[in-house]
Amino acid sequence: MVDYSIKIGGEAGQGVQTVADSLSRIFLRSGLQVFTIQDYQSRIRGGHSFTQIRLSDAPLCAMRKEVDMLVCLDSATCRIHAGEVSERGLVLGALDQSDPSYSRSVISLDFAAIAKEAGNPIYANIVAVGAVLGILGFGINLMEEYLSEVFRKKGDQVIRENNNALRKGFQRAQELYGQALLPDIQQNRDHSSVLLNGNDALGLGVVLAGCTFYSAYPMTPSSGVLNFVAGRAKEYGILVEQAEDEIAAVNMAVGASYCGARAMTGTSGGGFCLMTEGLGLAAMTETPLVILNAQRPGPSTGLPTRTSQGDLEFVIHASHDEFPRFVLAPGEPREAMNAVIRAFNLTERFQVPVILLSDQYLADTEWTYPDLQVDEKADSPHTVLAVQGYRRYVPTENGVSPRALPGSGPGLVIADSDEHDEWGHITEDLTIRLSQQEKRMRKIQFMKSAMRSPRCLEGEDVTLIGWGSTYGVLYEVRNNLREKGMRAGLVHFTDLYPMATETVELARNLPNPVVVEGNYLGQFARLLERETGRAFPRRVNAFNGLPFFVEELEMRIKEILS
């Protein structure tokens, strides 16, 4: 099995992402499986950034720490990452070979100088793409086709210049290396597979869910969803509003939903802090609302472009007093797409907020899918006509009152953020307060029946437990442990809160659990302890802003088991 990792590093603005995007698309079109991650600093230009590509002829769902080829668009890349290069690996780029950090094979290529020979130093990143393809043993035909597609609107001259730079890099690398690094890899043209990252998947879910209103203030790492939806707003009839701040964004969404729009807003943890009053407004008025919280390390501005799973306990309790809400955390991009559709269905069915937890790792990692199956279907609206004497908040057995839209009939639709009676009129009658709060809280028992069980793979020696974006790395680590003789199981949660009764029973009886999550306190382990009454003392936590890599997580699990 081929399993190869390439890391491309340089300063922001040097074209790191162009190189990575080009290579990953060529590998994908060659019929290979591709998995990519990004790492970048919170600045417009400058500062070190990298993208890592893993390619294989078998399915991939996580990233290894070890690198087989390090492509250096600047000299700092080698100093920072040389220690990650494998024994079989090589370093490629404009390098100072006197630097003692070089302990692996080095191919010195000045991409900018070669691009200048080809006509313009601006094409240095395309020279790098050609060099990588030449060393790996790939042809350049697919890349030339790709360049023609990308630069079609810019004209033939731009295409010719890019192709010229590509060939220069390809030929120079072959002259220096003289062999194909991956000679045995089977390449078959494949234009059917899809490379999808979490933010684009969430955006697809927004479109497929029939969302008609999306409001947000841009905030990394959720901004990609806003960009995706805005780019397709006219085509799919979605009103997209870039609000002045998150307070406006959430209140716009609540207002739009109250009037009948399928409404959603998105942000990161810091923005979600500002949205909590609007979250409470949606809860008190029982207005459907989907909120995306793409987590990143905090508190305050924290590490804007790094990853975290630190908001779980916050979103479960956010806003004052008690009210029901759903919390979902998809584990990979395709699940994220389906989770958005499901979130809209749940919020309309139960008239409670649904909070989707993503994070920078899920947002920016790209997964390969042979087909992009949509498992969920958007429900028809759960609304009624406002008849004469309509009571918006009439008590029901499951707490969900028939919802009419304003103007849908002769009846009056009233809502208020204050406590209210069955009609929606403000009240300070404490008997009515008790009745309305009991009605709202009564939903929780019925909401539990809509929660889905976690993915379960059995194992007696250890059960790895995770939630959200850790699914892929846990899956690979579990398989690695089993190959080494350990009977390892995996239980991964997407539906986090409220926890279904059968899920509580399942968690209560898992053999030898180890909870893995991206925060300091072990927030999901604490939630499990609260729900099950069982202790989950063995935990693996990461809170440095980086995702779990396969080798590191496997080592830490072995340590905790020993």
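1. A definition comes first. Ala, Val, Leu, Ile, Met, Phe, Trp, Tyr, Cys and Pro count as nonpolar; Asp, Glu, Lys and Arg count as charged; the others, Gly among them, count as polar. By that scheme, the lining of the largest cavity has seven nonpolar residues, eight polar and one charged. Keep in mind that this is a predicted model.

2. Now the cavities themselves. The structure has four of 30 Å³ or more. The largest holds about 130 Å³ of space. Its lining counts 16 residues, and those closest to its centre are Thr307, Gly518, Leu546, Pro547 and Phe548.

3. Next, the second largest cavity. Its volume is about 50 Å³. Tyr258, Thr285, Glu286, Thr287, Pro288, Arg392, Tyr393, Arg403, Ala404 and Ala415 line it. That lining splits into five nonpolar, two polar and three charged residues.

4. Turn to helix 15. This helix covers residues 430-448, 19 residues in total. From first C-alpha to last, helix 15 reaches 28 Å, close to the 27 Å expected at 1.5 Å a residue.

5. Look at the start of helix 15. There, a side-chain oxygen of Asp429 comes to within 2.9 Å of the backbone nitrogen of Thr431.

6. Which residues of helix 15 are buried? They are Gln436, Gln437, Lys439, Arg440, Lys443, Ile444 and Met447. Lys439, Arg440 and Lys443 count as charged, yet they are buried in helix 15. The cover over the buried residues of helix 15 includes helix 11 (269-285), strand 12 (326-328) and helix 13 (333-350).

Key
Residues are numbered from 1 along each chain as its sequence is written. This is a predicted model: local features need pLDDT of at least 70, side-chain atom pairs count only at pLDDT 80 or more; totals for chains, interfaces and linings use all residues. Side-chain values use heavy atoms; hydrogens and water are left out. Helices (H or I, at least four residues) and strands (E, at least two) are DSSP runs, numbered from the N terminus. The expected span of a helix is 1.5 Å times one less than its number of residues. Buried means under 20% relative accessible area, exposed over 50%, partly exposed in between (1.4 Å probe, protein chains only). Contact means heavy atoms within 4.5 Å. A polar contact is a pair of N or O atoms within 3.5 Å; within protein, one must be able to donate a hydrogen and the other to accept it, and residues adjacent in sequence count only if both atoms are side-chain atoms. On a 1 Å grid over the protein atoms alone, a cavity is a set of points where a 1.4 Å probe fits but cannot get out, and a pocket is an open set with protein on both sides within 12 Å along at least five of seven lines; lining residues have an atom within 4 Å of a point. Grid points are joined across faces, edges and corners, and a volume is the space filled by probe spheres set on the points.
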